[in-house]
Amino acid sequence: MKLTVKRFRTRRPDGSVAEPLSPASEPQAAARPQQVVPDNPFMPSEEDDGFGNASFPTARGETRVAAPVPGTPDAAPVEIDSIRREGLTGRQLRIARRLAQKHGLPATSDFDAVRLLRSRGIDPFQANAALEVVSGGLPPEPPIGSRALTLTPGDMPRLPQTIRPPGLPSPELQAEQAHIAEVMKIQRDIARRRRRKSAMLLARLSVFVFLPTLLAAMYYYVIASPIYATTTQFVIQQAEPAAAAGMSSLLRGTQFATSQDSIAVQGYLQSQGAMQRLEADKGFRDHFSAPGIDALLRLPAGASEAEVFKLYQKMVKVSYDPSEGLIKMEVRAADPDKSVEFSQALISYAEDQVDKLTQRLRADQMKGALEAYEDAEKKLQDANQKVVDLQEQFKVLNSEVEATLVTSQIATLESQMTQDRLSLAQMESNASPNQARMEPLKRRIATIESQIAELRAKLTEDSASGLSIAKVQSQLLVASSDVQTRQLMMAAALQAMETARLEANRQTRYLSIAVSPVRPDEAAYPRAFENTLVSLLIFTGIYLMISMTVAILREQVTA
């Protein structure tokens, strides 16, 4: 093997560069041991080799004189430059720094930590970095004043290799592979954590969601008693009224005219009063206390009124459709015949309630009209009685007839008196009138005049026998007018009563059944699949809500 001695510049610890030995001092330097390294055909020239004072083994095995021996103070900058060119990753340098701190090495940088570890025989890049001391111990200290040692390949110190052997990947490729390995390790860790979290989530879901849902499904499919439902639809109608003026007549005969009544009937059917009537008439409590009903639905012995009413609200569903004016009722029972019986009983209760809604209105209307008619009739009777009393008192059937009779008598007497006066005047016109014939005629004329005077006094003057005909006629006329007025008032009261009666009939409400109750042949409840699905959704929602609450609280505590 060809060995050559290479002169090179050395770097002092203070950073200055030492000049190579002069030819005059070469004999002295020849006496010093030289480090032999293989010759490298890729090594640059003596002036600038591009790698500082580091030495690299060559493929041909030739050696040259290397830099100062590693471990000496003069060789520290050279080794650091060589380590820097190895392309170590940041992670490797951090590991070397921590390992140097662990062993108490005074490293001034990450590259100096690598150098010190290697000088102590420690490989900082093993999987488990441990203290590995070379069996031959640390390399011997060079003599004072010597610059280099001449070593054979067999005398090389057995330190960890700082240069990758030929054929290994480049530092860049090794760093990329290390990065890929690190990423794969992180991915495996993430996948392991995800599997663990998935297993924990599945366990929680099994305990808090799937198990309660399974219990609910067992109840609905196996334990729950079959419930039969009877559906009924009816409408509340009003008697067709006569045509009326105003906007209010537009709503008559439509569902809006009876919407309040429908809502009132709906409220009554869902009230505790209807439940009490149904319990008293059809035994609602006894039916749902039978031992054949499941424990969750069965009424306990001695159940309170509130518990029975709560079950009644579940078993009787009443709804009102304002667009069509229909009242829809669904009655549930554990027996199909009982469901029909309960439904028919509730319909009869609704009819009674409808009758009661308008009964007071119709009674008030008829009461006023009837009282007015009775009062008019009584006053008419009083007026007629007064007329009769006057007639009896004055012994006059009709004052007008009496006055006419007296007037006719006066006229007759005056006519006779006129004839007698004419006869008397004719007799007196004779030269020798016959006094015998004239005297009776004069007495007759005087009698007629007195009679006419009496008749005239009877018409206008009161007499010992009674009032004058004029006063009697006046009182009778007043009484007769009162009678006529009372007759008119009685006729008006009678007409008002008839109108009120017709209006009361128009206010009558009646219940018309659109869908009659029919005995069901299959159980409508429980709806096992729908109820199980609803239970699953409810338990899932509760679990999500609790999980979110716990996560928020945990975040607040750890923040």
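**Note on the sheet, its helices, the cores and the rings**

1. β4 and strand β5 (residues 326–333) pair in the antiparallel sense, over 6 bridges. Pairing requires at least two DSSP bridges between two strands. The bridge partner of D321 in β5 is L326. Helices (H or I, at least four residues) and strands (E, at least two) are DSSP runs, numbered from the N terminus.

2. This is a predicted model, in which local features need pLDDT of at least 70 and side-chain atom pairs pLDDT 80 or more, while totals for chains, interfaces and linings use all residues. Residues are numbered from 1 along each chain as its sequence is written, and side-chain values use heavy atoms, leaving out hydrogens and water.

3. The sheet is open and has 4 strands in the order β4-β5-β3-β6, with antiparallel pairing. From one strand to the next, the twist averages 25°.

4. Helix α6 (residues 259–269) lies across β3 (228–238), β4, β5 and β6, and runs at about 170° to β4. Helix α9 (residues 305–315) packs on the sheet and touches β4 and β5; its direction makes about 50° with that of β4. Axes are lines fitted to C-alpha atoms, for helices over the stretch in contact, with angles from 0 to 180 degrees between N-to-C directions. Contact means heavy atoms within 4.5 Å.

5. P300 sits in the loop between α8 (284–288) and α9. At 45% relative accessibility, P300 is partly exposed. The cut-offs are under 20% relative accessible area for buried and over 50% for exposed, with partly exposed in between (1.4 Å probe, protein chains only). P300 and S289 are 11 residues apart along the chain, and their C-alpha atoms are separated by 6.6 Å.

6. The largest nonpolar core holds 37 residues; L269, Y312 and L346 touch the most other members. Such a core is a set of buried Ala, Val, Leu, Ile, Met, Phe, Trp, Tyr and Cys residues joined through side-chain atoms within 4.5 Å. At least two residues each come from β3, α6, α7 (272–282), α8, α9, β4, β5 and α10 (336–394). α10 gives the most, with 7 residues.

7. L269 touches F234, A274, Y312, V318, M329, L346 and A350, leaving aside residues up to four places away in sequence. A second, separate core has 15 residues, including L380, A479, A493 and A500. In soluble globular proteins, nonpolar side chains tend to be buried together.

8. There are 6 aromatic pairs. Rings of Phe, Tyr and Trp (its six-membered ring) pair with centres within 6.5 Å; planes under 30 degrees apart are stacked, over 60 edge-to-face, and the rest tilted. F208 and Y543 have ring centres 6.3 Å apart and planes at 20°, so this pair is stacked. F208 is in helix α5 (residues 171–223) and Y543 in helix α14 (residues 528–558), so the pair ties together parts 335 residues apart in sequence. Y543 counts as buried, at 11% relative accessibility.

9. Y219 and Y220 form an edge-to-face pair, 5.3 Å centre to centre with 65° between the planes. Y220 is partly exposed, at 23% relative accessible area. Elsewhere, ring pairs link F284, F288, F309, Y312 and F342 into a cluster.

10. Check two arginines as well. R84 lies over the face of F111, 4.9 Å from the ring centre. R332 lies over the face of Y525, at 4.0 Å. The criterion is NZ of Lys or CZ of Arg within 6 Å of the ring centre and within 35 degrees of the ring normal.
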